[in-house]
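Please look through the model shown here with its pockets, its ligand surroundings and a few loop residues in mind. The paragraphs below take these topics in turn.

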Amino acid sequence: MLFFPVLKRKSTLDLSIVFHILVFFSCNNVQGKCRPGCDRALASYYLSGDVSDLTYISTLFNLKKYTEILQYNPQIKNADFIITGDRIKVPFPCHGCVNGDVLGHTFSYTIKNRDTYDKVAQTDYANLTTGDWVHKMNSYEPHMLQPNMKINVTVNCSCGDGRVSKDYGLFMTYPLRPGQTLASVAREAGVLPEILQRYNPEVDFSAGSGLVFVPVKG
Ligand SMILES: *[C@@H]1O[C@H](CO)[C@@H](O)[C@H](O)[C@H]1NC(C)=O
Ligand SMILES: *[C@@H]1O[C@H](CO)[C@@H](O)[C@H](O)[C@H]1NC(C)=O
Ligand SMILES: *[C@@H]1O[C@H](CO)[C@@H](O)[C@H](O)[C@H]1NC(C)=O
């Protein structure tokens, strides 16, 4: 809106000034806000029963083989028999700078049948992202989705915060579920509740949904 009167005058000089201002702002935004990423993050994938196949999950996360998942889940004794209601850890890279200021990784997902942004986020990606966040990364409006189209699915990640603690180098993107609390998530992760809260300032762990970043030991 601000630039309209200038553009209307059709002066090349003015246009080049506008262009330089735009370039200045967009570069500034990218350089100013994006922290360096890290090689790896983990996704905490809740096995709801809708998806219960490690091979399919490894495809969603662009892993070459499902055995890459097993390395992070020594509790899985038989890959053909995984338990609904458990969570598994899925590795993914965390160097991407999404939208100029968010650490995340974007996966390519191929639309099947009547997939919607919400369904892909909630079922295939097990609430590791949301329909709104996926929509934001794609130029297609929701009604345009057709089978075999490729869409971007972005999962946020964290590489920690040196001001909180230097003890942790690996972080898990963890979707909260109904019934969980700060205490229960901390117990499950084996970290102090105070540390967990400091990594996720202002997050209500009892909200029943939403993402938190959990430091992983060892
Ligand atoms: C994701 O959240 C929705 C709504 O909160 C829920 O119905 C669904 O079961 C969740 N998906 C998984 C895999 O937990
Ligand atoms: C990812 O992070 C951005 C920036 O903090 C936020 O706006 C977005 O809602 C997050 N996505 C999810 C699925 O939480
Ligand atoms: C997916 O993201 C890439 C990189 O930001 C972008 O060039 C591409 O247009 C996006 N795909 C869709 C379907 O919007």
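Which residues lie nearest the centre of the largest pocket? Among its 19 lining residues, those nearest the centre are Arg 35, Ser 158, Gly 160, Asp 161 and Tyr 199. The model is a predicted one, in which local features need pLDDT of at least 70 and side-chain atom pairs count only at pLDDT 80 or more, whereas totals for chains, interfaces and linings use all residues. Residues are numbered from 1 along each chain as its sequence is written, chains are lettered from A and ligands numbered from 1 in the order in which they are written, and side-chain values use heavy atoms, with hydrogens and water left out.

The largest pocket holds about 410 Å³ of space. A pocket here is an open set of points, on a 1 Å grid over the protein atoms alone, where a 1.4 Å probe fits and protein lies on both sides within 12 Å along at least five of seven lines, and lining residues have an atom within 4 Å of a point; the volume is the space filled by probe spheres set on the points, which are joined across faces, edges and corners. At least two lining residues come from each of β4 (102-110), α8 (193-199) and β7 (211-216), where helices (H or I, at least four residues) and strands (E, at least two) are DSSP runs numbered from the N terminus. By class, the lining comprises ten nonpolar, four polar and five charged residues; Ala, Val, Leu, Ile, Met, Phe, Trp, Tyr, Cys and Pro count as nonpolar, Asp, Glu, Lys and Arg as charged, and the others, Gly among them, as polar.

Turning to the ligands, the shell of ligand 1 consists of Tyr 46, Ser 48, Gln 122, Ala 126, Asn 127 and Arg 177, each with a heavy atom within 4 Å of the ligand.

Ala 126, one of the residues around ligand 1, is found in the loop between α5 (117-124) and α6. Most residues other than glycine have a negative phi. Phi of Ala 126, however, is positive, near 45°. Is Ala 126 buried or exposed? Ala 126 is buried because its relative accessible area is 8%, and buried means under 20%, exposed over 50% and partly exposed in between, with a 1.4 Å probe and protein chains only.

Ligand 3 is surrounded by Met 137, Asn 138, Ser 139, Tyr 140 and Asn 152, a shell with two nonpolar, three polar and no charged residues. An oxygen atom of ligand 3 is 2.7 Å from a polar backbone atom of Ser 139, and an oxygen atom of the ligand is 2.3 Å from an N or O atom in the side chain of Asn 152. Ligand 3 taken alone exposes 360 Å², and the protein buries 42% of that.

The loop between α6 (131-136) and β5 (150-156) contains Met 144, which is partly exposed, with a relative accessible area of 36%. The C-alpha atom of Met 144 is separated by 9.7 Å from that of Thr 116, 28 residues apart along the chain. Asn 148 lies in the loop between α6 and β5 as well, and its phi is positive, near 75°. Asn 148 counts as exposed because its relative accessible area is 63%.

Technical notes: Polar contact = N/O pair within 3.5 Å; in protein donor to acceptor, adjacent residues only side chain to side chain. Areas by Shrake-Rupley, 256 points an atom, 1.4 Å probe, with all protein chains shown as cover.
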